[in-house]
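Have the model open while you read.

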Amino acid sequence: MTSALLPAQTAETIEEIHHSLHQLPEHAGDRATLLRQWLGEGPCRQLGIYPIPAGFKLSVVIPVFNERNWVRELLRRVQAVPIPKEIIVVDDGSTDGTREMLKDIERTIDNVRVIFHAHNQGKGAALRTGFQRATGDVVLVQDADLEYDPAEYPRLLQPILENRADVVFGSRFIGESHRVLYFWHSVANTVLTTLSNMFTNLNLTDMETCYKVFRREVLSGMKLKSNRFGFEPEFTAKVARQRRPTWRVYEVPVSYSGRTYEEGKKIGLKDAFSALFCIFRYWLFD
């Protein structure tokens with residue numbers, strides 16, 4: 001609808017907002033303040049527009065293995081998110097030129113730190129290394145393959161920064177768009193999530209999601225052991241088992257652009273059976 005079809009007062013308001021948009025300050029906090037003045041606090045909260053606390057820092061931990069075609073663009077997208085952060089990349093023994101690319105990136109971007117594993121150990125092992133280096137208030141797990149969109153960080157952080165949650169899972173199955181891919185992958189994910197929920201007494205829709213975001217103190221006393229994709233059910237089980245305090249868990253919807261195996265997808269049937277084993281193992285033992 002054009003402004004010519006609107007009441008004069010409404011049209012003037014839109015023109016004022018349109019003019020002001022071109023004069024928004026570069027600082028994200030100032031932009032959020034102006035938008036809250038225009039729209040009101042309620043609508044802004046619905047849109048994920050909220051103030052970032054002074055002194056806040058996010059630790060983005062990225063395990064990487066043979067992602068030469070994707071990692072530079074992924075880091076550009078992470079860097080573009082207007083949230084104070086450190087980016088911790090753990091190269092898990094890449095052999096396709098990723099290591100050399102990461103060395104060049106680390107030299108040119110101040111807040112990127114790269115740790116190199118001498119040989120491939122698995123996603124879980126890479127995350128343990130990254131968690132040990134994390135110094136932020138909140139830790140976020142990011143895969144390096146562009147299946148998940150860093151632009152959704154504000155939505156993922158919102159329940160924690162509003163003090164409603166300690167741990168947030170980004171679910172691919174509660175309302176956002178996703179690329180249509182493998183049916184049996186979705187069946188396996190549903191089965192694993194359901195079994196995990198049975199033993200943890202959580203009601204998650206996507207236990208296997210990459211996006212796990214949590215206050216750094218959640219890691220205190222948590223001894224993670226899984227080296228590969230068993231990290232997902234292990235972390236979930238140990239979050240659910242925590243008492244005094246009991247961690248508050250939220251899910252928020254995220255979009256998903258999955259890869260095919262031809263495009264470099266790595267998780268497979270072996271990892272599904274491994275995750276199944278981990279669900280039982282970490283239900284019975286630490």
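How many cavities of 30 Å³ or more does a search of the whole structure find? The search finds 1. A quick caveat before the points: this is a predicted model, where local features need pLDDT of at least 70 and side-chain atom pairs count only at pLDDT 80 or more, while totals for chains, interfaces and linings use all residues. Numbering runs from 1 along each chain as its sequence is written, and side-chain values use heavy atoms, with hydrogens and water left out.

1. The largest cavity has a volume of about 30 Å³. (A cavity is a set of points on a 1 Å grid over the protein atoms alone where a 1.4 Å probe fits but cannot get out, and lining residues have an atom within 4 Å of a point; points are joined across faces, edges and corners, and the volume is the space filled by probe spheres set on them.)

2. Its lining. Look for Ser-196, Phe-199, Thr-200, Pro-233, Ala-237, Ile-279 and Trp-283 around the largest cavity. Two or more of the lining residues come from each of α8 (183-200), α9 (231-241) and α10 (269-284), and α8 gives the most, with 3. (Helices, H or I, of at least four residues and strands, E, of at least two are DSSP runs numbered from the N terminus.)

3. The main core. The largest nonpolar core has 36 residues, and Leu-58, Ile-62, Leu-75, Val-89, Tyr-153 and Leu-156 have the most contacts inside it. (Such a core is a set of buried Ala, Val, Leu, Ile, Met, Phe, Trp, Tyr and Cys residues joined through side-chain atoms within 4.5 Å; buried means under 20% relative accessible area with a 1.4 Å probe, protein chains only.) Among the elements that each supply at least two residues are β1 (58-64), α4 (71-80) and α7 (153-161).

4. Beyond its neighbours within four places in sequence, Leu-75 is in contact (heavy atoms within 4.5 Å) with Ile-62, Ile-87, Val-89, Leu-102 and Ile-105. Another core of 27 residues lies apart from the largest one, with Ile-88, Ala-126, Met-207 and Phe-214 among them.

5. Aromatics. The whole structure has 7 aromatic pairs (ring centres within 6.5 Å, Trp by its six-membered ring; planes over 60 degrees apart count as edge-to-face). Tyr-153 and Tyr-211 are edge-to-face, 6.1 Å centre to centre with 75 degrees between the planes. Tyr-153 lies in helix α7 and Tyr-211 in the loop between α8 and β6 (212-215), so this pair ties together parts 58 residues apart in sequence.

Conventions
Buried < 20%, exposed > 50% of the residue type's maximum accessible area, 1.4 Å probe, protein only. 1 Å grid on protein atoms, 1.4 Å probe; cavity = no way out; pocket = protein on both sides within 12 Å on 5 of 7 lines; lining within 4 Å. Phe/Tyr/Trp six-rings, centres within 6.5 Å; stacked < 30°, edge-to-face > 60°.
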